[in-house]
Amino acid sequence: AVVSTQSTGDCLMAFQDFLYAFQVQFCFNEFLNACRELYLSLSAEKGNSTPRLEGVESSKFLDGITALLSNNTYHHPSIRVIHRILSKSQKASFYTYLLGIANSDTINSSVGVLPKKSQCLETENKSVKSD
């Protein structure tokens, strides 16, 4: 599948990844839009002309997300999971943040619609008997 986004341009994505990214976007759309605005604001503060490539400081992004959640009633993933995603590196691009959310088994389990990614495309081997 080819996915086109404003923050990353066109990119190739496996169908399985697209499926989980779509689920997250569908369930947390308002929250993710607010995160995107926050990300762009943080990126503009440091004069970054290519925010999607360089990223922003993960700690500042997390602080901003925490403030967003304390002031709004967005449907959102667990802040502990968001912290785990953002604490993996000192800087985070919005794209890697979204991928972290989409690839989180904890978040996918809490949504409860799709199976774990490792089980998504599994099929049972059943023998077919002919009469």
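Here are some worked exercises on the structure above.

The model is predicted, so local features need pLDDT of at least 70 and side-chain atom pairs count only at pLDDT 80 or more, while totals for chains, interfaces and linings use all residues. Residues are numbered from 1 along each chain as its sequence is written, and side-chain values use heavy atoms, with hydrogens and water left out.

**Exercise 1. The fold**

Task: Find how many helices and strands the protein chain has, and list their order.

Solution:
- Helices (H or I, at least four residues) and strands (E, at least two) are DSSP runs, numbered from the N terminus.
- The protein chain has eight helices and four strands.
- Read from the N terminus, the order is β-β-α-α-α-β-α-α-β-α-α-α.
- Of the 131 residues in the protein chain, 34% are buried (buried is under 20% relative accessible area, exposed over 50%, partly exposed in between, with a 1.4 Å probe and protein chains only).

**Exercise 2. A surface patch**

Task: Work out which residues make the nonpolar surface patch of about 470 Å².

Solution:
- Patch members have over 30% relative accessible area and no salt bridge; like charges are joined within 9 Å, and nonpolar side chains (Val, Leu, Ile, Met, Phe, Trp, Tyr) within 5 Å.
- Areas come from the Shrake-Rupley method with a 1.4 Å probe, and for residues only the protein chains shown count as cover.
- The patch is made by Phe15, Phe18, Phe22 and Phe26.
- Take Phe18, found in helix H1 (residues 15-27): Phe18 counts as partly exposed because its relative accessibility is 31%.

**Exercise 3. A salt bridge**

Task: Identify the residue that forms a salt bridge with arginine 36.

Solution:
- Side chains of opposite charge can pair when their charged atoms come close.
- The criterion is a side-chain nitrogen of Lys or Arg within 4 Å of a carboxyl oxygen of Asp or Glu.
- The partner is glutamate 37, with the closest N and O atoms 3.6 Å apart.
- Glutamate 37 has a relative accessible area of 49%, so it is partly exposed.
- A search of the whole structure finds one salt bridge.

**Exercise 4. Contacts across the sequence**

Task: Decide whether alanine 92 is buried or exposed, and find how far it lies from tyrosine 39 in space.

Solution:
- Alanine 92 lies in strand E4.
- Its relative accessibility is 6%, so alanine 92 counts as buried.
- Alanine 92 and tyrosine 39 are 53 residues apart in sequence, yet 9.5 Å apart in space, C-alpha to C-alpha.
- For a second pair, go to asparagine 103, in the loop between H6 and helix H7 (105-111).
- Asparagine 103 and alanine 21 are 82 residues apart in sequence and 7.9 Å apart in space, C-alpha to C-alpha.
- Asparagine 103 counts as partly exposed because its relative accessibility is 38%.
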